[in-house]
Amino acid sequence: MLAATAVAAALCASLAPAGRAAAAPWTADARTTAKGASTAADGTSGPYAFAEDAIAVKGAAGTTESVLLRPGRTYKSSVGLAGRDGRLYYRLELGADSDAYVSATAVPRPGATVSYSDGLKVSLQDANGRNCSFAGTVHFGATQSPHPIAAWASRETSGEQYACQTAGTYYVVVERTGAAGATSGTEAPSGTESSASRPWDLELGYVSEPGLKTASGPTSAPEVWNSASPEPLVGDAKRRGGGAGFSGAVPLGQGVWKDGISPGQTRFYKVPVDWGQQVYATADLGSASRGEGSVGTALVMSLYNPVRGLVDGVGSGYDGSQRSAALAPLPPVAYENRFALNDRVSGMRFAGSYYLVVHLAAQVADRFGEGPFGLTLRVRVTGAAGTGPAYAGKPVPGDVFAVPVGGSDDAVGDGTADGAADTGESGGGTGRGGVMKLVAAGGIGTGTLLMLTLGMWTVIARRRAARTVRPAPAPEDADTASASLPAPAPWEHGAARGR
């Protein structure tokens with residue numbers, strides 16, 4: 001079968017019309033470059049790859065004119081200066097039985113600087129201005145390096161909740177934190193200006209989670225779980241180029257992975273974690289070939305859950321020698337984790353893709369050059385996949401809490417010859433399910449491929465003969481069309497968010 005496929009592919013290439021260049025396969029880095037060219041909310045190019053289907057909306061200065069957000073969709077917006085002018089409102093229409101999660105990813109525009117206190121705050125409020133949960137707040141922190149940061153807020157109907165339990169209109173409040181015009185306390189680099197004086201772009205997400213079929217489940221978070229750190233993974237690393245945004249995050253299964261990262265750059269990856277499983281991650285920054293001095297907080301790694309809620313983050317300084325940063329052990333994924341007051345526990349409430357977001361501070365370039373620097377990620381997922389909660393309906397989007405068939409170990413393959421990730425647009429997966437589909441398709445199409453191969457050999461023979469013998473006109477019903485090839489398928493966070 002494979003031999004027949006190879007022969008057919010080679011024949012198709014030889015029969016392609018003259019002048020048509022063969023399309024080179026896309027690598028992960030090529031996809032990252034292409035998506036990184038996406039535009040900011042005002043049409044200018046930016047460092048973050050927004051979802052290709054993001055809908056442009058404008059935040060309102062008050063609730064009356066706020067625009068309606070719908071679950072399962074992604075939106076693109078922007079927020080202005082910190083203070084009163086940097087507060088925007090969006091609207092939700094919620095039922096009485098579902099939970100709602102809203103995230104906002106802030107992206108300072110190129111050329112801006114940020115201070116320790118600059119950050120983003122997201123709240124979800126009812127019609128009387130009461131918060132449905134503690135507001136999620138994130139800051140750029142000690143890195144003082146502009147990069148994408150994400151905050152989240154929720155409305156939950158389970159547990160001992162006293163507000164936001166009825167159906168009706170609710171409001172998402174997104175606001176910038178930090179004094180307007182604040183600086184980092186140091187002189188900004190030439191050609192830059194304080195981020196507080198410039199708008200930030202926003203990517204908004206809204207996920208709806210259905211209630212449970214029965215309310216007789218646990219109402220408190222587990223108190224005992226394995227909090228010991230496992231032995232670090234060792235072995236040769238496989239190359240995997242990270243994405244430039246949440247929507248373009250590259251899948252990582254359990255293993256050791258390597259990438260390159262430049263100062264000021266942020267790389268996005270996603271790790272499938274099922275119910276009952278624990279995820280561990282370590283980021284190693286390679287040594288520099290030149291330079292001296294040190295950067296206090298240079299490497300930052302953050303973990304976000306499937307609804308882009310910040311779970312935890314860790315940072316490391318850099319002095320040109322190799323450095324490592326590891327997330328502290330996290331609890332197994334469980335529905336009842338949501339009843340914990342600690343973000344690190346409550347965030348581990350869903351199965352699905354957990355996002356690893358790695359940022360290298362822009363200041364590294366001043367001391368050690370522009371890079372790129374070697375980055376190694378060691379990802380481990382432990383525990384047997386368990387059964388999820390009995391939902392009374394389906395989440396929106398429908399696949400947000402889904403894990404690829406075969407579990408995290410099979411989420412991605414070993415990569416292509418150059419180590420690029422196989423992350424096609426269809427998301428068909430390199431997991432076990434994707435492999436089985438290929439096998440099935442192969443079994444069905446073997447005879448067809450053989451017939452196609454024979455037919456192509458016939459065409460080639462005729463063309464070769466035509467070079468020496470002038471052919472007679474083809475009969476009107478002759479199939480003289482050549483087969484055409486298919487088109488190539490195209491961090492440190494702020495205040496803890498409690499309940």
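The model is predicted: local features need pLDDT of at least 70, side-chain atom pairs count only at pLDDT 80 or more, and totals for chains, interfaces and linings use all residues. Residues are numbered from 1 along each chain as its sequence is written, and side-chain values use heavy atoms, with hydrogens and water left out.

Cys132 is joined to Cys164 with an S to S distance of 2.1 Å. The torsion about this S-S bond is about -85°, so the disulfide is left-handed. Cys132 lies in the loop between β7 (119-125) and β8 (136-139), and Cys164 in the loop between β9 (149-155) and β10 (168-177), so the pair ties together parts that are 32 residues apart in sequence. Strands (E, at least two residues) are DSSP runs, numbered from the N terminus. Cys132 is buried at 9% relative accessibility, and Cys164 is buried at 4%; buried means under 20% relative accessible area (1.4 Å probe, protein chains only).

Strand β18 (residues 295-304) has nine of its 10 residues buried, so it is largely enclosed by the rest of the structure. Its pairings, each requiring at least two DSSP bridges between the strands, are tabulated below.

| Partner of β18 | Sense | Bridges |
|---|---|---|
| β19 (residues 310-318) | antiparallel | seven bridges |
| β21 (residues 352-360) | antiparallel | six bridges |

Tyr304 stands opposite Leu310 in β19, while Leu303 faces Leu356 in β21. β18 and β19 form a hairpin with five residues between them, and Arg308 in the turn has a positive phi of about 65°.

Conventions:
A disulfide is a pair of cysteine sulfur atoms within 2.5 Å. Helices (H or I, at least four residues) and strands (E, at least two) are DSSP runs, numbered from the N terminus. Buried means under 20% relative accessible area, exposed over 50%, partly exposed in between (1.4 Å probe, protein chains only).
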